[in-house]
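Have a look at the model below, then read on.

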Amino acid sequence: MTAPNHALTGALIGLSVANPALALPLAFLSHFVLDAIPHYNPPETDMVALFRSKRFVWEFLVLGAGVCLLLVVVLALARPAHWLSAAWCAFVATSPDLLWIPRFMTARRSGKDVDVSHSNLFWRFHDRIQWKTGPKLIWLEAIWFVGMCLLLATRL
């Protein structure tokens, strides 16, 4: 899933689970549950081309991060019960994707992709659970996004 969907799911966990000691690990685990669901991915299959494309930088880094930041601003302004936990959970739910930064930087700098099949256990796991992705699955991302926004609106 994209970062906004991870963040929305994490925020809803933070709003729903009063105990942050339970909410934070649940938010982290939610990332992998969502990544196991078929989801959107850009049409580029070559990771170097994808990571070097302006579309990726705009779509995933600028727009995705902007929506996540907007979510935290909405939580801070609305201040529902457990809003701070929800903001932290939004970040924690999105955070496993930050571990792809070395792969992104390697591809951008050297023009070579990291062979995930021979990488650390986390990368291999994270890569393998994403068994079905592609541009045609954007509808599923959109449905999840709208659903999470509607659920969030009931909690604010």
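This is a predicted model: local features need pLDDT of at least 70, side-chain atom pairs count only at pLDDT 80 or more; totals for chains, interfaces and linings use all residues.

Reading from the N terminus, the elements go α-α-β-α-α-α-α-α-β-α.

**Overall shape**

- For 156 residues, a compact globule would come out with a radius of gyration near 15 Å, and the chain's 16 Å agrees with that.
- The C-alpha trace spans about 45 × 30 × 25 Å along its principal axes.
- If you take the contacts with a separation of 6 or more, 78% of them are between residues 24 or more positions apart.

**Inside the chain**

- Of the 156 residues, 40% are buried.
- The largest nonpolar core holds 14 residues, and Ala11, Leu71, Leu75 and Leu152 have the most contacts inside it.
- Four helices, α1 (3–16), α4 (54–78), α5 (83–94) and α8 (138–155), each put at least two residues into this core, with α1 giving the largest share, six residues.
- Leu75 is worth a click: setting aside neighbours within four places in sequence, its contacts are Ala11, Leu15, Pro80, Trp83, Ala86, Ala87, Leu152 and Leu156.
- There's also a second, separate core of eight residues, with Tyr40, Val48, Phe56 and Phe104 among them.
- As a general point, nonpolar side chains tend to be buried together in soluble globular proteins.

Notes
Residues are numbered from 1 along each chain as its sequence is written. Side-chain values use heavy atoms; hydrogens and water are left out. The radius of gyration is taken over C-alpha atoms; the globule rule is 2.2 Å times the number of residues to the power 0.38. Buried means under 20% relative accessible area, exposed over 50%, partly exposed in between (1.4 Å probe, protein chains only). Contact means heavy atoms within 4.5 Å. A nonpolar core is a set of buried Ala, Val, Leu, Ile, Met, Phe, Trp, Tyr and Cys residues joined through side-chain atoms within 4.5 Å.
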